[in-house]
Amino acid sequence: MTRITFYERDGMLQGFESAGHAGYARAGYDIVCAAVSAQVSTCINSLEAIAGVVPKVMVDEESATIRANLPKNLSPDTMHDCQIILKVLQQGMKDLAEEYPQFINLGGQLC
């Protein structure tokens, strides 16, 4: 199962973590893992290319974990752009979790 956790502080998303393999199908054929990976990569790339923010990213291939956190002290305009991008990811993960509830666990945490 893939666990997706969104980190929030003061009502604002600060980052996320995706951990584990979905287990929908064997490696290379797992459409759930592919969907999660595509959305996570697009989110990180969009934070950089659209919002101009380089998030702190940690990848652990062995445990299939990727974590991305926004830097501190972003301007209000930049934070607004980041919120839109992170909320698009959050909505995409909600949609996947509804479609494949036995393969994705969606949660949140205050930080």
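I began with contacts in this predicted model. Of the contacts in the chain with a separation of 6 or more, 60% are between residues 24 or more positions apart.

**Elements**

Next I looked up the secondary structure. I found five strands and two helices in the chain. I then read along the sequence and noted the pattern β-β-α-β-β-α-β. I checked the radius of gyration, which is 14 Å for the chain. The globule rule gives 13 Å for 111 residues, and the two values are close, so I call the chain as compact as a globular protein of that length. I also boxed the C-alpha atoms along the principal axes and got roughly 45 × 20 × 20 Å.

**Surface and charge**

How much of the chain is buried? I noted 39% of the 111 residues. The chain exposes about 6600 Å², and I saw that carbon and sulfur atoms supply 52% of that area. For charge, I listed 13 negative and 8 positive side chains. The centres of these two sets lie 5 Å apart.

**Two loop residues**

Which residue between β1 and β2 did I stop at? I stopped at aspartate 10, in the loop that joins β1 (2-9) to β2 (12-19). Its phi is positive, about 55°, although aspartate 10 is not a glycine. Is aspartate 10 buried or exposed? Exposed means over 50% relative accessibility. Aspartate 10 has 73%, so I count it as exposed.

I then moved to alanine 64. I found alanine 64 in the loop between β3 (56-60) and β4 (65-69). Alanine 64 is a residue other than glycine, yet I read a positive phi there, near 55°.

Technical notes:
Residues are numbered from 1 along each chain as its sequence is written. This is a predicted model: local features need pLDDT of at least 70, side-chain atom pairs count only at pLDDT 80 or more; totals for chains, interfaces and linings use all residues. Side-chain values use heavy atoms; hydrogens and water are left out. Helices (H or I, at least four residues) and strands (E, at least two) are DSSP runs, numbered from the N terminus. The radius of gyration is taken over C-alpha atoms; the globule rule is 2.2 Å times the number of residues to the power 0.38. Buried means under 20% relative accessible area, exposed over 50%, partly exposed in between (1.4 Å probe, protein chains only). Contact means heavy atoms within 4.5 Å. Accessible areas come from the Shrake-Rupley method with a 1.4 Å probe; for residues, only the protein chains shown count as cover. Lys and Arg count as positive and Asp and Glu as negative; His and the chain ends are not counted. The place of a charge is taken as NZ of Lys, CZ of Arg, CG of Asp or CD of Glu.
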